[in-house]
Amino acid sequence: MANLKELSKKGNVVAPGHRACAGCTFPIILKQVLAASDTPLVCGSATGCMEVTTTIFPFTAWKTPFIHSAFENAAATISGVEAAYKSLKRQGKYDKEVKFIAFGGDGGTYDIGLQSLSGAMERGHNMLYVCYNNEAYMNTGIQRSSATPLGADTTTSPAGKVKPGKGQSRKDLTEIMVAHNIPYVAQGSPSHWNDMVTKVQKALAVDGPAFINVLMPCRLGWAFQPQYGMQIAREAVSSCYWPLYEVVDGEYKITVMPKEKTPIAEFLKKETKFRHLFKPENAEIIERIQAEIDARWNKLLKRAELGC
Amino acid sequence: MAITKDRIALTGNEAIALAMKQINPDVCAAYPITPATEIMQIFASYVADGAVDTELVAVESEHSAMSATIGACAAGARSMTATSSQGLALMWEMLYIAAGLRLPIVMPMVNRALSAPINIHCDHSDSMGARDSGWIQINSENSQEAYDNLIQAMRISEHPDVLLPSMVTFDGFIISHCMEPVETYSNEAIQEFIGAYKAPYALLDIDNPITVGAIDFHDFYFEHRRALAEPMLNTVIPVVEEIGREFGKKFGRTYELFETYKLDDAEVAIVVLGSTAGTAKVVIDELRAKGVKAGMLKIRLYRPFPYAQVAEVLKNVKAVAVLDRSDGLAGFGGPVFGEIRSALYDLPKRPITTNYVYGLGGRDVTLAHIASVYNDLLAIVSEGAPQNLVNYLGVRE
């Protein structure tokens with residue numbers, strides 16, 4: 001269990017003055033993740049919002065050592081850093097304790113970086129990969145990714161006269177990571193800081209690779225007023241759109257059980273990207289989204305109940 | 001102190017794997033690709049037997065191989081990988097990033113044709129395409145040179161006035177799989193020559209955190225790219241010369257920017273890279289026996305390209321044929337031709353030049369092919385101009 005007082009004493013783990021949008025939720029995620037570790041960290045990031053807004057030369061918001069090399073290879077790059085650490089340590093050339101974290105957006109993780117991520121997880125590097133999942137290519141201007149939900153209006157799946165936004169459902173990357181049989185996989189949300197910090201601590205404590213998929217409401221791409229990011233994140237959890245759970249050595253556990261499962265329409269209503277779904281002719285899409293959420297949630301409940 | 005040497009029969013890949021074992025890098029990332037696969041295969045057995053201290057990362061693609069090598073090198077480790085052809089092509093994006101981040105990665109690169117059509121045999125289209133990526137490129141004629149060049153490349157790349165990645169190239173199958181005698185040196189002598197690696201900046205230096213790979217806008221990008229050009233313009237060439245001499249003193253084989261063969265008084269000459277130089281030397285000896293003043297320039301350092309030095313050794317030649325083992329598809333011959341023409345341009349009296357694209361996809365290059373080029377050159381000298389600026393040698397048309 002994380003202690004907010006203790007966490008706040010860590011000071012600014014990310015320097016202020018970065019250029020993320022007002023109301024962006026990734027800086028909150030970043031703070032939660034970085035503050036969770038008592039061990040020094042070396043971090044890396046895929047090309048994306050997080051990288052471009054925190055490392056504008058000659059400034060950097062990173063207080064930990066940080067590397068960005070390209071878009072599709074945050075996992076491979078950090079796996080190389082971790083390999084260097086292992087090698088130097090084994091040779092007696094380095095004596096510090098360090099943990100390694102790679103960050104990537106959903107584009108850099110679900111899509112172009114999937115191979116690199118899968119490879120790094122299979123190789124068993126001692127690293128945590130955090131996907132800050134805002135469900136589209138936000139840095140390039142809101143294009144659909146395989147994390148974009150059904151019906152979402154993006155610039156490459158626009159809601160038009162004959163097409164009601166994205167025609168396909170989200171890929172379940174968290175389950176793909178579970179299928180890698182790595183010691184720790186979880187879903188997190190910045191609205192539940194305690195849950196998130198605890199998960200990061202667990203992830204960093206395991207011997208081997210860990211993956212946390214964090215839902216990141218994007219005020220620009222999801223189109224909401226900047227003050228509502230955390231509220232929307234909370235509703236993603238309460239509607240079971242983004243269940244908070246973890247899979248430790250293959251064992252499922254729901255870490256935040258919604259007191260009352262809220263209807264998905266309430267969540268969708270708050271984001272302009274779903275506005276067109278509320279036209280009468282698109283009612284069926286909302287029903288489909290609800291049905292998919294229910295099916296996935298029920299499956300998750302069963303897995304958690306069975307403890308498998 | 002005399003250096004212990006062994007003379008043993010090795011293929012090019014075996015010689016390179018042995019050199020890597022003796023270099024003993026901290027990290028190697030490996031991915032298989034014909035004809036370079038053996039290098040990492042042999043190296044993996046060294047790792048498995050505990051003969052090296054290296055952490056071997058058997059990645060899932062060449063893109064990740066270069067990415068992991070970049071991560072390891074930025075962390076402060078001496079880092080290597082190896083590849084060929086399509087593998088190099090898949091690394092493309094990361095080649096530029098390795099150079100842009102000033103990481104002294106050293107990579108054996110076995111020359112193989114690029115698809116399509118798919119072909120596993122030798123030509124130089126792979127490394128030629130990477131010539132503007134910011135990597136130092138050192139070509140090798142045979143296994144001995146590949147072995148020696150790889151050892152020198154460590155010193156060149158890690159030199160504080162350089163800090164750029166290097167690829168050491170040699171011809172696929174012709175050298176990579178051909179067994180010939182190689183003089184090898186003791187581990188101690190090689191370690192003494194390359195010295196310990198101390199990264200100027202390292203991610204693992206957690207008390208002095210650095211941000212690597214920051215974004216530059218129009219206010220800084222140009223300055224950083226200009227700084228990247230500086231070693232290519234001014235420092236790499238003298239460093240390569242200095243290390244080549246030092247290598248000669250220690251190991252008995254001195255290396256220069258290029259090798260000239262009977263070029264001093266030559267009237268006709270060819271410019272060539274890689275294993276074809278060996279074939280050309282035989283032809284030159286035969287022509288010399290007949291009284292023909294034939295010579296050759298074998299380029300060793302291709303990036304940065306030693307323009308001034310090349311012009312100096314070719315200035316008295318009457319006609320020069322540039323042999324390109326890749327086609328520029330530029331409507332103006334191969335890439336080496338462009339370099340040589342450009343290097344000669346400022347001479348008050350320029351040799352006549354012509355270009356031969358040859359040996360694509362491993363097409364055999366015989367003594368007769370090279371002899372025909374010299375015959376053409378003699379005709380060009382007497383006629384005053386070549387019939388064609390760009391020729392294709394040994395192809396059915």
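In this predicted model, the centres of domain 1 of chain B and domain 2 of chain B, taken over C-alpha atoms, are 27 Å apart. Domain 1 covers residues 5-184 + 228-251 of chain B, and domain 2 covers 258-393. Chain B also touches chain A, with 39 residues of chain B in contact with 43 residues of chain A. Over all chains, the count of salt bridges comes to 35.

**Between the two domains of chain B**

- Domain 1 of chain B and domain 2 of chain B meet through 27 residues from domain 1 and 27 residues from domain 2.
- About 2,100 Å² is buried between these two domains of chain B, and carbon and sulfur atoms give 56% of that area.
- Four salt bridges cross the interface of domain 1 and domain 2 of chain B.
- A salt bridge joins the side chains of B:R303 and B:D132, at 3.7 Å from N to O.
- There are 15 residue pairs in polar contact across this interface of domain 1 and domain 2 of chain B.
- On the side of domain 1 of chain B that touches domain 2, the elements giving two or more residues are helix 5 (125-129), strand 7 (136-139), helix 6 (143-158) and helix 8 (221-251) of chain B.
- That side of domain 1 of chain B consists of twelve nonpolar, nine polar and six charged residues.

**Between chain B and chain A**

- Chain B and chain A bury about 3,200 Å² between them, with 64% of it on carbon and sulfur atoms.
- Four salt bridges cross the interface of chain B and chain A.
- The side chains of A:K96 and B:D207 form a salt bridge of 3.4 Å, N to O.
- Polar contacts across the interface of chain B and chain A link 19 residue pairs.
- Strand 3 (55-58), helix 3 (62-75), helix 4 (85-100) and strand 10 (211-212) of chain B each supply at least two residues to the side that touches chain A.
- Helix 3 of chain B gives the most to that side, with nine residues.
- By class, the side of chain B that touches chain A has 22 nonpolar, ten polar and seven charged residues.

**Within chain A**

- Helix 4 (residues 74-90) and helix 6 (residues 114-123) of chain A pack at an angle of about 35 degrees, and their axes are 7 Å apart.
- A:A74, A:A75, A:A76 and A:S79 of helix 4 of chain A make this contact with A:S116, A:L117, A:A120 and A:R123 of helix 6 of chain A.
- The contact of these two helices of chain A has five nonpolar, two polar and one charged residues.
- The side chains of A:E266 and A:K269 meet in a salt bridge of 3.2 Å, N to O.
- A:E266 and A:K269 both lie in helix 11 (residues 264-269) of chain A, three residues apart, about one turn of the helix.

Key: Residues are numbered from 1 along each chain as its sequence is written. Chains are lettered from A and ligands numbered from 1 in the order in which they are written. This is a predicted model: local features need pLDDT of at least 70, side-chain atom pairs count only at pLDDT 80 or more; totals for chains, interfaces and linings use all residues. Side-chain values use heavy atoms; hydrogens and water are left out. Domain bounds come from an automatic or database domain assignment. Contact means heavy atoms within 4.5 Å. Buried area is the accessible area (1.4 Å probe) that two parts lose on being put together, summed over both. A polar contact is a pair of N or O atoms within 3.5 Å; within protein, one must be able to donate a hydrogen and the other to accept it, and residues adjacent in sequence count only if both atoms are side-chain atoms. Helices (H or I, at least four residues) and strands (E, at least two) are DSSP runs, numbered from the N terminus. Ala, Val, Leu, Ile, Met, Phe, Trp, Tyr, Cys and Pro count as nonpolar, Asp, Glu, Lys and Arg as charged, and the others, Gly among them, as polar. Axes are lines fitted to C-alpha atoms, for helices over the stretch in contact, and angles run from 0 to 180 degrees between N-to-C directions.
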